Structure formats: C-alpha cells, structure tokens
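Hello, and welcome to my notebook.

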Amino acid sequence: MYDAQKWTSGLGRLVKRYREPVVVQTLRSAAAATVAYVIALRLSPEPAPLTAPLTALLVVQVTFFATLTNGIRRVNSVVAGVLVAIAFSVLVGLTWWSLALLIVASLAVGHLVRVDEYVAEVAISAMLVLGVTTVGFTAWARIVETLIGAVVGTACNLLLPPPVWVDEAGRSIEDLARRVRQLMLRMGEEAADRIPWQQAAARLHEARRLDHDIVRVDAALRQAEDSLRLNPRVKEGLLHRVVLRTGLDTLEICTVVLRVLARSFTDLAKARGSEELFPSRIGETVEQLLSEIADAVVSFAVLVTTDLSENAESAESRLTAELHTAAGTRDRLAELLQEEIRKDWANWQLMGAVLTETTRIIDELNTEHRTRRLLEELDRVSQEQRAKLPRMTRLRERLGVQEELWNRAGFGERSR
C-alpha cells in the first residue's frame with residue numbers, strides 16, 4: 001500500500017514537472033527543429049540543411065505573439081543577407097576588404113528593413129553565402145530552408161499552443177509581497193526598541209533593493225502578457241493582463257511608500273539618539289499596525305493572482321477584513337501620537353509621517369480603489385484597441401463581446 005502511494009505521488013510530481021512552462025517550451029522547440037530538418041531534407045538541395053532547424057528553433061519563442069513577429073523578422077533578415085551577398089559576389093567577390101564592406105552594408109541594410117534583434121543575422125547570412133563558390137545555388141537553398149523553419153515554427157504554435165506564463169508571473173508577484181511583508185515586520189519589531197540609526201539605515205537600504213525585485217517581477221509579467229496575446233488556449237486574456245498589471249502597480253506604490261517610511265525611521269533614530277525609536281505604547285502600536293498591513297499586502301497579492309472564482313471572493317473578503325483591522329489600529333495610533341505631541345513637540349513631523357505613510361498604503365490596497373483602477377485601465381486599453389483596429393472593434397461590439405467581458409469581470413450593473 002505504501003509503495004503504491006509513493007509511486008502515485010512520484011508520478012504526480014513527474015506529470016506536474018512536465019507541465020511546467022520551461023519543460024513545455026523545451027519540448028516544443030526540439031519538436032519544431034526536428035520536423036523542420038526532416039522537411040528540409042526533402043525540399044532543400046543542401047545535404048545537411050541545418051538552417052531550417054536553426055530558424056525553427058529561433059522562431060519558436062515562448063509566446064505565439066513573439067513567434068509571429070520573430071518569424072517575419074528572421075525571414076526578412078536572411079533574405080536581405082542573401083541579396084547583399086549575391087550583389088557583392090557579382091561586383092567584387094570575397095577579399096578581406098570586401099568582407100569588411102559586406103558586414104557594414106549588411107548591418108546597414110538590417111537597420112533599414114527593421115529586423116530589430118536580427119540585424120546581426122543579415123551579416124551572418126551574407127557571410128555564409130558569400131563564402132561558398134556556387135553563390136546562386138547556396139542563396140536559393142538558404143532562402144528555402146529559412147522559409148521552412150519559419151513556417152514549421154509558426155505551425156508548431158498552432159498545433160502545440162505555447163505555455164501560458166501567468167502562474168509564473170503570479171508567483172513572482174506573491175514573492176514580492178512576501179519580501180515586503182518581511183521588511184515591514186522587521187521594521188515593526190524595531191519600532192519600540194533602542195536601535196542605532198545605522199540599523200535603521202540598513203532597513204532603508206533593504207527597502208531600496210526592492211526596486212530590483214520590481215524590475216524582475218515586471219519582466220515576468222511582460223512575458224505573461226505576451227503569452228496571453230493570440231493564444232488559443234486563453235480566454236479573457238485582456239482581463240488577466242489588466243488584473244496582474246494593476247496589481248503590480250499597486251505593489252510598486254507600496255514599496256515606494258515603504259521606502260519613505262524607512263527613511264522616516266532613519267531620520268527619527270538620528271534625532272532621538274540613545275532613546276527608543278518611539279515611546280513604549282506608541283512603538284507597540286506601530287509594530288501591530290505594520291504587522292497588520294504586512295498581512296494585507298500578502299492578501300492583496302493572493303487576490304490579484306487568484307482566478308476569478310469563489311477563491312477570489314474569499315481572498316477579497318480576507319483582505320477587506322485585514323484592512324479594516326489595520327485602519328482601526330491606525331486610528332488608535334493617531335490618538336496616542338496626539339497625546340505624545342501635546343506633551344513633547346520634538347520630532348512631531350517624523351512621528352506624524354508614520355500616519356501619513358501607513359494611511360497611503362492602506363488606501364492603495366483598498367478593494368474599492370482597486371476596482372476603480374481596473375475600470376480605468378480597461379477603459380484605457382479598450383480605447384487603444386478601438387483606435388488601432390476600428391473595424392474589428394465595431395464587429396466585437398456588435399457581438400456583445402465587450403459587455404460579456406465586463407460582466408465576467410464582475411463590473412456589471414452591480415458595480416455601477
């Protein structure tokens with residue numbers, strides 16, 4: 001019985017592993033390159049048509065949207081390089097100075113035809129073709145193999161849809177929220193202690209390093225957004241993109257405010273010297289408030305990365321309750337600070353800044369604020385789509401797609 005359970009558990013982990021986006025993408029790339037090579041063996045005059053699998057491998061990117069754009073650019077780069085090579089072979093042939101001119105001309109042509117990251121491919125194709133005696137024969141073979149690779153790479157995404165990287169982006173957002181939470185908890189624990197200003201400054205440096213985490217999460221989110229475009233496996237891709245993007249924007253604002261709060265703690269530690277950072281009762285309340293806000297930050301991240309279902313409703317209820325509790329603690333802190341300032345006016349600006357900064361985070365995490373932000377972003381994206389594709393937009397409006405999207409998002413008549 002135990003062996004059977006262990007075997008089943010191992011099989012489940014193996015299946016889950018093979019469904020991960022990195023594994024799926026690796027298998028798709030290998031399959032596309034192999035199929036392109038087999039087809040090129042039959043159609044290309046070259047004995048080893050490796051350009052076809054190379055093109056397929058480069059064209060099959062992590063998203064279908066990128067596959068289409070990369071396929072077109074790569075074909076353009078190879079064809080441009082072949083044409084430049086033919087022109088040089090007819091005019092000057094291959095010498096050391098003609099090779100230098102060939103590279104300069106190829107790179108210039110690459111920029112003219114706007115192949116972006118494949119500018120170097122223009123020069124590479126030109127050099128490979130110019131280095132062969134039978135230029136016309138090799139040029140035709142290169143073009144055929146490149147077309148085969150590009151077509152196979154594009155077809156692979158139709159038959160084997162690329163992985164969706166939404167879960168990866170969601171995990172990145174949740175990891176960022178947990179790092180913010182850990183920093184808030186450490187700052188709260190130190191609020192009632194006698195800490196040197198250097199220790200408070202160390203927390204400020206930690207808050208500044210969160211900017212690097214934001215950059216990494218933003219890169220993961222851009223990859224997820226591309227994976228949702230033109231992907232037949234995805235429904236409501238626009239809604240997923242907007243929810244994740246606005247969620248990251250909110251967390252980024254929270255990290256900025258947290259950095260300002262850490263700066264206030266540092267300045268307060270310098271001003272109070274050997275005294276406690278905050279008086280005892282105030283320090284304990286600050287610790288409690290930061291702990292409650294830290295929990296709310298994680299709950300917010302869970303909310304924006306949860307599918308639109310009952311799980312999302314429970315996550316929203318939990319976030320609302322945590323923000324309500326934090327607001328009550330914030331109000332109690334305001335009363336304590338008011339009493340303290342009446343007795344001692346020293347450093348009242350820095351102590352009062354704690355209220356301003358924690359209130360800003362609570363307001364940013366508020367569910368009503370999030371709803372307004374989502375509506376604004378959906379309106380903005382919809383207007384951009386109407387401007388770019390007016391005919392498609394009119395067709396979608398006739399079919400009622402826009403109204404269905406809003407209703408599924410939970411922003412129908414009830415939210416108005």
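I began with L83 and found its place in helix α4 (helices being DSSP runs of H or I, at least four residues, numbered from the N terminus). This is a predicted model, where local features need pLDDT of at least 70 and side-chain atom pairs 80 or more, while totals for chains, interfaces and linings use all residues. Residues are numbered from 1 along each chain as its sequence is written, and side-chain values use heavy atoms, without hydrogens or water.

Surface entry. I noted L83 as exposed, at 53% relative accessible area (exposed is over 50%, buried under 20%, partly exposed in between, with a 1.4 Å probe and protein chains only). L83 belongs to a nonpolar surface patch of about 890 Å², along with I86, V90, L91, V92, W96, W97 and L101. For such a patch, nonpolar side chains (Val, Leu, Ile, Met, Phe, Trp, Tyr) with over 30% relative accessible area and no salt bridge are joined within 5 Å; a salt bridge puts a Lys or Arg side-chain nitrogen within 4 Å of an Asp or Glu carboxyl oxygen. Helix α4 gives the largest share, four residues.

Core entry. Which residues have the most contacts inside the largest nonpolar core? I found F265 and F278, in a core of 62 residues (buried Ala, Val, Leu, Ile, Met, Phe, Trp, Tyr and Cys joined through side-chain atoms within 4.5 Å). The largest share of this core, 13 residues, comes from α10. A second, separate core has ten residues, among them A32, V144, I148 and C156.

Cysteine entry. C156 is buried at 9%, and C254 is buried at 1%.

Conventions. Patch = residues over 30% accessible without salt bridge, like charges linked within 9 Å, V, L, I, M, F, W, Y side chains within 5 Å. Areas by Shrake-Rupley, 256 points an atom, 1.4 Å probe, with all protein chains shown as cover. Helix = DSSP H or I, 4+ residues; strand = E, 2+ residues; numbered from the N terminus.
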